[in-house]
Amino acid sequence: MAKYAIIKSFYASTRWIKFRAMIIAERGMKCEKCLKLITTDKDAELDHIIELTPDNVHDVSISLNPDNVRLLHHDCHDARHNRFGNVKGKQVYIVYGCPGSGKTTYVNRNRERTDIIVCMDNLFNAITGLPLHDKPDQLLSNVRAIHTALLDQVKTRYGKWSTAWVVGGYADKYKREKLAEELGAELIYCECSKEEAMARIEMDDRRRNMIAEYRKYVDEWFGRYTC
Ligand SMILES: [Zn+2]
Ligand SMILES: [Zn+2]
């Protein structure tokens with residue numbers, strides 16, 4: 001809870017209450033961390049990503065900016081802040097779902113500055129400099145080797161990161177759960193229908209010119225998916 005009176009009054013203001021209601025109406029009562037439903041309004045915490053301070057509370061680009069808030073369960077919110085005390089140590093999440101299910105959006109909303117992301121798309125981009133999603137087959141073995149090395153760092157908790165986000169399709173239940181066990185990771189499913197996935201891909205500038213390919217990837221993912 002906010003310790004400064006100026007922040008407490010902000011949370012009591014009509015501006016904030018209206019803003020909060022608008023965000024909930026737009027996004028639905030779904031926690032952006034665990035992706036499960038929030039059942040009561042009391043359990044819905046609209047959290048500021050850049051935390052409010054007495055200095056920034058009246059800067060609406062921070063306090064009333066939809067991009068700076070996340071809707072969370074109270075418990076999920078507390079877990080987020082406990083991380084800084086390092087009480088729970090390093091966290092590992094496997095974020096999975098079909099192409100276009102919003103995995104990257106999810107991770108971008110939830111990551112902190114000292115987190116690491118383990119994702120084949122990002123690694124292709126890192127070693128080729130090509131646009132994200134442009135992944136030459138010839139380089140697959142190089143990228144895989146880096147990916148494996150990074151997963152190894154996650155497995156052994158090597159280094160000083162706070163949370164590791166392992167992002168991928170992981171359609172096969174057996175492989176997915178095996179990886180989760182090896183990494184000591186929690187699984188987060190970005191659930192989404194084929195239609196929703198294709199709609200998101202069509203809206204993405206970086207993927208718009210690869211619609212046919214992506215329709216194939218999405219179909220393949222659903223063909224392999226086991227829950
Ligand atoms: Zn939650
Ligand atoms: Zn917070």
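What is the geometry of the site of the zinc ion (ligand 1), judged by the angles among its four donor atoms? I started my notes there. The model I am reading is a predicted one.

**Entry 1: the zinc site**

I looked up the angles among the four donor atoms and found 99 to 121°, and the site is tetrahedral. All of these angles fall between 85 and 135 degrees, so the site counts as tetrahedral. I then listed the protein donors: Cys31 through SG, Cys34 through SG, His73 through ND1 and Cys76 through SG. They lie 2.1 to 2.4 Å from the zinc ion. Along the sequence I read their spacing as C-x2-C-x38-H-x2-C. Cys34 and His73 are 39 residues apart, and this pair links distant parts of the chain. I placed Cys34 in the loop between α2 (14–27) and β1 (44–48), and His73 in strand β2 (residues 69–73).

Cys34 has 25% relative accessibility and counts as partly exposed. His73 has a relative accessible area of 12% and is buried. The cut-off for buried is under 20%, so His73 falls below it.

I went on to Leu35, which lies in the loop between α2 and β1. Its phi is positive, about 65°, although Leu35 is not a glycine. I noted this because most residues other than glycine have a negative phi.

**Entry 2: the sheet**

In what order do the four strands of the open sheet stand? I read the order as β4-β5-β3-β6, with parallel pairing. β4 and β6 (186–189) stand at the edges with a single partner strand each, so one side of each has no neighbour in the sheet. Neighbouring strands are turned by 20° against each other on average, direction ignored. As background, strands of a sheet pair through backbone hydrogen bonds, either parallel or antiparallel.

**Entry 3: strand β3**

I took β3 (residues 91–96) by itself and counted its bridges. Six bridges join β3 to β5 (residues 163–168), and the two strands run parallel. Within that pairing, Val92 stands opposite Ala164, and Trp165 is the bridge partner of Tyr93. On the β6 side I found four bridges to β3, again with the strands running parallel. There Tyr96 has Tyr189 as its bridge partner.

Is β3 largely enclosed or largely open? Six of its six residues are buried, so β3 is largely enclosed by the rest of the structure. I also sorted its side chains by direction. Gln91, Tyr93 and Val95 point one way from the strand, while Val92, Ile94 and Tyr96 point the other way. Both groups are buried.

Phi of Tyr170 is near 40°, a positive value in a residue other than glycine. Its relative accessible area is 21%, and Tyr170 is partly exposed.

Helix α8 (residues 173–183) lies across β3, β5 and β6. I noted that α8 runs at about 165° to β3. Tyr174 has its place in this helix. With 61% relative accessibility, Tyr174 counts as exposed.

**Entry 4: helix α6**

Which residues of α6 (residues 120–128) are buried? I found Asp121, Leu123 and Phe124. They cover an arc of only 165° around the axis, which puts them on the same side of α6. The buried residues of α6 pack against β4 (116–119) and α7 (140–155). After the helix comes Gly129, with a positive phi near 75°.

**Entry 5: one residue of α9**

Last, I looked at Glu195, which sits in helix α9 (residues 194–203). Glu195 has 59% relative accessibility and counts as exposed. From Glu195 to Asp134 I noted 61 residues in sequence and 23 Å in space, C-alpha to C-alpha.

Notes
Residues are numbered from 1 along each chain as its sequence is written. Chains are lettered from A and ligands numbered from 1 in the order in which they are written. This is a predicted model: local features need pLDDT of at least 70, side-chain atom pairs count only at pLDDT 80 or more; totals for chains, interfaces and linings use all residues. Side-chain values use heavy atoms; hydrogens and water are left out. Buried means under 20% relative accessible area, exposed over 50%, partly exposed in between (1.4 Å probe, protein chains only). The arc is that of the directions from the helix axis to the C-beta atoms. Contact means heavy atoms within 4.5 Å. Donors are N, O and S atoms within 2.8 Å of the metal (3.2 Å for Na, K and Ca); water is not among the atoms, so sites may look incomplete. Four donors count as tetrahedral if all angles lie between 85 and 135 degrees; four count as square planar and six as octahedral if opposite donors are over 155 degrees apart and all others between 65 and 115; anything else is irregular. Two strands pair if DSSP finds at least two bridges between them. Axes are lines fitted to C-alpha atoms, for helices over the stretch in contact, and angles run from 0 to 180 degrees between N-to-C directions.
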